[in-house]
Amino acid sequence: FDIYKKFYIDNISITALGDLDKELGDELRAFKRKEIDFPIKIIEKIKKYYEEHNKKFDIILYVPSNKNNGVMDFFADYISKEFSIKKYDSIKYKNKKEVKEQKFLETLKERSENIKDAFEIVSTEEFENKNILLIDDVYASGETVKEIIKIFKKFNFNYNLEILIFCYRNHFFNGICLYDR
């Protein structure tokens, strides 16, 4: 099993399963548009990631979509059932109507300002001393993940957080290639 990309933000491990501009990205887009019923390639990659990690996660969280399409909820449900991990719907938008879809914003500054303080995490009492897997569909600028990590860093208890991204987007924002960040 080849990991597409592994990196860290604030000592939090982030693993990307594939490239948004290749096979996994095509499947993710088709699933979001309801052109396919089941994203088999992404699911197979998730299974291989989990099996080869030899790590037991206690909790699965997901970054909610601001489009109400239920895609991340689907993946969280699948992983929860497949690997017997308790799913929590704890990451919430504070005011979803004020947040634009990140993919339509072209600069890092726009993305950062758009997502700043957009989330809250509720029911955190269950997270103490737990291994937590956070999933998100796409990593482009990283601003969404950074915003959620910022919230976790405020917790006054121990936890282990790992992040699994389905598709990494190699993209330039104002001359900065995020692949090299």
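Mentor: The chain exposes about 9,600 Å², with carbon and sulfur atoms supplying 44% of it (Shrake-Rupley areas, 1.4 Å probe). This is a predicted model: local features need pLDDT of at least 70 and side-chain atom pairs pLDDT 80 or more, while totals for chains, interfaces and linings use all residues. Residues are numbered from 1 along each chain as its sequence is written, and side-chain values use heavy atoms, leaving out hydrogens and water.

The chain has five helices and ten strands (DSSP runs: H or I of at least four residues, E of at least two, numbered from the N terminus). Of its 181 residues, 50% are buried, meaning under 20% relative accessible area with a 1.4 Å probe, protein chains only. The C-alpha trace spans about 40 × 35 × 30 Å along its principal axes.

Now to your pair. Helix α1 (residues 23-32) and helix α3 (residues 71-83) have axes that come within 10 Å and cross at roughly 110°; the axes are lines fitted to C-alpha atoms over the stretch in contact, with angles from 0 to 180 degrees between N-to-C directions. α1 and α3 are therefore roughly perpendicular, the label for 65 to 115 degrees. Leu28, Phe31 and Lys32 of α1 make the contact with Val71, Phe74 and Phe75 of α3, contact being heavy atoms within 4.5 Å. By class, this contact has five nonpolar residues, no polar ones and one charged residue (nonpolar: Ala, Val, Leu, Ile, Met, Phe, Trp, Tyr, Cys, Pro; charged: Asp, Glu, Lys, Arg; polar: the others, Gly among them).

Conventions:
Angles under 35 degrees count as roughly parallel, over 145 as roughly antiparallel, 65 to 115 as roughly perpendicular and the rest as oblique.
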